[in-house]
Amino acid sequence: MIYLDNAGTTRMDDSVLKAMLPYLGEQYGNASSLYTFGQKAREVVEEARKTVAKCLNAQEGEIIFTSGGSESDNQAIMSAARYGTLKGKKHIISSAFEHHAVLHTLKKLEKDGFEVTYLPVYENGIVRVEDLKKAIKKDTCLVTIMFANNEIGTIQPVAEIGKICREKGVIFHTDAVQAVGHVQIDVEKMHIDMLSLSAHKFHGPKGVGALYYRRGVPVYPLIEGGAQERNRRAGTENVAGIVGLATALELAIKEMPEANKRMTKLRDKLISELSKIPHSALNGDRKNRLANNFSMCFEGIEGESLLLSLDEHGICASSGSACTSGSLDPSHVLLAIGRPHEVAHGSLRLTLSKFNTEKEVDEVIKVVPKIVEYYRKMSPVWDELEKGERKHVI
Ligand SMILES: *Cc1c(COP(=O)(O)O)cnc(C)c1O
């Protein structure tokens, strides 16, 4: 099997599993209990909090553990909205191509009377700070813009956005689920007020994440109950998951320079070779993108058919985000960068990890053009394009 869906989820590193195992076995104590047996669990949770804080240049009191990226996004946005309501500020700024964990939360707030401005992301898939400056109003309570896009990998000007928000006194949250463990992040330097991360996107376990919130930024619980996580997230601590998250993050940051160098080389080979397919186009900025992200549209094919054929060749790929597969609507991300509907349907996303080899990439480069050609031959739309009865868009 060739696994190229690392923006969807990643394989756990063996060392991460090893670090977690004791807490799934004999070390089953409750981190919130008073006896010594439970205190061991408390110690490793606090050790993990320190590690995560250090990796982001934050303080340990600024990290809470959650069930993952979706929960962290929900909590950050709902907290800022509640604070905004208290202050009479009900305007939020975001971007047109956020993850659904952000977009659907914002849709809910719109129903509750919030106004949301969605900044355009242009053809290169990057928001412009001039647009942000113009959009900020007196009653803006939150700017939430992702660090790197999960479908097309484009990296946003987070430090500049943070600077503007700090100057204007507006809370800035970033969904950094695709970026943490993949690019250098310094929450102080980048003026980030809240940040979401998720362990399973950097070779950690699924179902555990964290929310960073700067001292003084109001964060309210999404889940009510016990006093865990300084009263901000009730529920018995997922000790093994938290240990796994911290172990994976520390490892990812240590390996980042080398891994990114390797993945960039493989990604660039995919881009240059698969660009040779006629009427194809790379999605998102060529340079300002994650080292592991390849995303392209091929005219005249259906992305779903392409994925099924790749699966028959043992290749795991995606057409975009896992959350939109199974729905017939084209990806909101591809529409946001201006791809017409019919082109957005013919998308392919390949996302690498440190475990991928050049041999695997060569296999993909051999297989994809053949599949694209096969489906184009069968497509009536492609026939019309070739006969000139319909105009090529890309
Ligand atoms: C995967 C992902 C999420 C959701 O994280 P979960 O831990 O799966 O809930 C949110 N935002 C982005 C950008 C993602 O890639």
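Here is a short tour of this predicted model, from the ligand to the sheet and the helices on it.

**Stop 1: the ligand.** Select the ligand and show its surroundings: 13 residues surround it, and the closest are Ser70, Asp175, Gln178, Ser198 and Lys201. Colour this shell by residue class and you will find two nonpolar, eight polar and three charged residues. Helix H3, residues 69-87, supplies the largest share of the shell, with three residues.

**Stop 2: polar side chains.** Now pick Ser198, where an N or O atom of the side chain sits 2.6 Å from an oxygen atom of the ligand. Move on to Ser70, whose side chain places a polar atom 2.7 Å from a ligand oxygen. Then try His200: a side-chain N or O atom is 2.9 Å from an oxygen of the ligand. On its own the ligand would expose 380 Å², and the protein buries 87% of that.

**Stop 3: the sheet.** Select the strands next. Seven of them form an open, mixed sheet in the order E2-E8-E7-E6-E5-E3-E4. At the edges are E2 (63-66) and E4 (115-119), each pairing on one side only. Neighbouring strands are turned by 20 degrees against each other on average, direction ignored. Zoom in on E3 (91-95) and E5 (140-144), which run parallel and are joined by three bridges; Ile93 has Val143 in E5 as its bridge partner.

**Stop 4: helices on the sheet.** Finish with H4 (residues 100-111), touching E3, E4, E5 and E6, at about 145 degrees to the direction of E4.

Terms used:
Residues are numbered from 1 along each chain as its sequence is written. This is a predicted model: local features need pLDDT of at least 70, side-chain atom pairs count only at pLDDT 80 or more; totals for chains, interfaces and linings use all residues. Side-chain values use heavy atoms; hydrogens and water are left out. A residue is near a molecule or strand if one of its heavy atoms lies within 4 Å of it. A polar contact is a pair of N or O atoms within 3.5 Å; within protein, one must be able to donate a hydrogen and the other to accept it, and residues adjacent in sequence count only if both atoms are side-chain atoms. Accessible areas come from the Shrake-Rupley method with a 1.4 Å probe; for residues, only the protein chains shown count as cover. Helices (H or I, at least four residues) and strands (E, at least two) are DSSP runs, numbered from the N terminus. Ala, Val, Leu, Ile, Met, Phe, Trp, Tyr, Cys and Pro count as nonpolar, Asp, Glu, Lys and Arg as charged, and the others, Gly among them, as polar. Two strands pair if DSSP finds at least two bridges between them. Axes are lines fitted to C-alpha atoms, for helices over the stretch in contact, and angles run from 0 to 180 degrees between N-to-C directions. Contact means heavy atoms within 4.5 Å.
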